[in-house]
Amino acid sequence: MATTNEVDSTYEQFVDHVKRLHYVSDAGGVLQWDQQVMMPEGGTPARAKQSSALSTLHHDLLTDDELSEWLDELEAAELDPEQEAVVREVRRDHERAVRVPSDLVERISEASSNALPVWEQAKAEDDFDHYADTLEEMVELRREYAEAIDPDRDPYEVLFEEYEPYLGIDTAEEVLTQLRDELVPLIDDIDDSDVTLADPFSGTYDDDVQHELVEEALDVLGYDWDHGRLDTAPHPFSTGTQFDARVTTRFKPDDPMDAVGSTIHEFGHATYTLGLPREDYGTPLGDNRDLTVHESQSRFWENHVGRTRPFWDLFTDTANEHLGTDASPREFYEAANTVHPDNLIRVEADELTYHMHIVLRFEIERDLIRGDLEVAEVPQVWNDKMEEYLGVRPDTDAEGCLQDIHWTNGAIGYFPTYSLGSVLAAQLDHHLREDVGDVDSLVREGDFDPVHDWLTENVHRHGARYETDDLVKEATGESFTADYFLSYADEKYRDLYDC
């Protein structure tokens with residue numbers, strides 16, 4: 001039996017190694033941010049090699065024999081709950097990684113970097129054939145990756161666990177089925193409603209004007225500019241650490257509400273990242289609790305703050321000043337919540353139809369990985385499902401199967417977490433309001449500190465100490481459930497559309 005001093009020494013060496021792992025991963029994240037935001041177009045060949053080298057180094061550190069020995073020693077020792085959590089999380093990552101050959105990690109990273117300009121060109125030129133071989137390569141690489149981890153399990157389930165390791169694919173499928181079954185009738189009722197919500201926008205709005213507007217929104221919400229920045233990217237995203245959490249957005253000339261929504265969404269991701277404990281940076285205690293929880297934070301701020309009437313009571317004068325509009329808070333509120341079943345683009349989708357976009361992508365990527373769908377069939381199947389679920393058919397693949405970056409990045413298994421996060425956001429919102437009180441008044445007055453404080457206390461500060469459902473129980477006193485989201489959506493939109 002190891003002495004306390006021996007355990008402490010082993011744990012210290014172990015944590016130093018784990019921190020190096022995180023630092024390498026975070027450096028790779030900066031390179032990816034740069035490639036999407038600032039890197040000159042011709043930099044791809046070198047960036048692919050750089051990213052590949054970092055991915056390989058990270059993999060080598062994660063599969064190191066000494067790390068395995070430390071894990072074995074620590075699992076046999078008496079540890080405090082936080083140490084046990086660190087060991088648990090590293091063990092999970094280690095066990096998956098040791099089964100994946102280094103050359104496969106290198107090939108996946110290099111293929112992803114090389115895929116980005118191919119996808120960008122295919123999307124710009126509406127040419128799926130230009131992208132098909134690249135997607136085929138990525139699907140094959142991810143199948144190979146899943147098979148290396150566990151050849152006896154459903155490969156899509158293995159990939160899903162990269163992004164949500166604890167809720168389980170059965171929970172994801174159950175929630176997505178529940179959303180599809182209950183939201184489609186609501187969307188149909190809205191489509192049949194005689195109510196037309198306000199649209200206060202006309203003409204076009206310069207990027208500079210919209211940039212100033214969303215900067216103001218970030219100011220109002222409390223974005224920490226000393227530890228972040230705002231840029232534009234073809235596909236908005238957020239990345240970083242608790243010391244440097246960056247957001248990106250994009251601008252549609254005729255729809256400034258799109259930029260406001262996407263910026264607030266990415267702010268939610270960033271404020272979660274910035275709320276992680278700084279003293280634990282480099283360990284799972286200072287890392288996020290995977291993508292369901294991460295997405296819950298972005299969806300909370302986008303939907304349960306940015307799409308509310310109290311927010312527009314607060315922000316209407318600012319919006320009118322920048323956009324030259326003369327809209328009322330009610331008109332902005334209606335514009336922020338208009339349901340568009342005929343919208344083709346996921347990131348522009350309203351709060352309800354959004355989930356049909358997720359169901360569609362989930363079904364396609366699952367069937368691709370399982371070998372039930374050929375890459376060449378993707379455009380046709382995509383269009384058929386859009387017509388089935390939302391009654392609209394894309395005219396171009398740029399508006400269809402080429403619109404998202406996830407498959408290009410190799411992020412197959414990611415999409416379900418968007419809906420899982422939306423569901424969790426509503427559950428958190430319900431309990432926040434029970435604990436804090438009149439949240440609407442706080443939002444209306446621009447006093448977001450109690451909201452930030454509640455989320456930090458109940459979600460952010462825990463890092464990855466708890467498994468997903470345990471974190472949900474810690475924050476809300478109950479298990480993960482879709483009930484709050486479905487009740488919230490039904491009440492809100494039936495009131496808006498009088499249906």
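## The second largest cavity

Helix α19 supplies the largest share of the lining of the second largest cavity, with 3 residues. Two elements give two or more residues to this lining: α16 (416-436) and α19 (468-476). This is a predicted model, and the space in question comes to about 40 Å³.

By class that makes 7 nonpolar residues, with no polar and no charged ones.

## The largest cavity

A search of the whole structure turns up 2 cavities of 30 Å³ or more, and the largest has a volume of about 50 Å³. Its lining is made up of Tyr-131, Trp-382, Cys-401, Asp-404, His-406, Trp-407, Thr-408 and Phe-415.

## The nonpolar cores

The largest nonpolar core holds 129 residues, and Leu-183 and Trp-301 touch the most other members. Helix α6 (residues 128-149) gives the most to this core, with 10 residues. There's also a second, separate core of 21 residues, and Val-7, Phe-14, Leu-67 and Leu-71 are among them.

What does Leu-183 contact, leaving aside its neighbours within four places in sequence? The partners are Leu-352, His-355, Met-356, Phe-485, Leu-486 and Ala-489.

## Asn-383

Asn-383 sits in helix α15 (residues 378-390). Its relative accessible area is 12%, so Asn-383 counts as buried, the cut-off being under 20%. Not counting residues up to four places away in sequence, Asn-383 touches Val-392, Arg-393 and Pro-394.

Terms used: Residues numbered from 1 in each chain as written. Predicted model: local features only at pLDDT ≥ 70, side-chain atom pairs only at ≥ 80, totals over all residues. Heavy atoms only, no water. Core = buried A, V, L, I, M, F, W, Y, C linked by side-chain atoms within 4.5 Å. Buried < 20%, exposed > 50% of the residue type's maximum accessible area, 1.4 Å probe, protein only. Helix = DSSP H or I, 4+ residues; strand = E, 2+ residues; numbered from the N terminus. Contact = heavy atoms within 4.5 Å. 1 Å grid on protein atoms, 1.4 Å probe; cavity = no way out; pocket = protein on both sides within 12 Å on 5 of 7 lines; lining within 4 Å. Points joined across faces, edges and corners; volume = space filled by probe spheres on them. Nonpolar A, V, L, I, M, F, W, Y, C, P; charged D, E, K, R; others polar.
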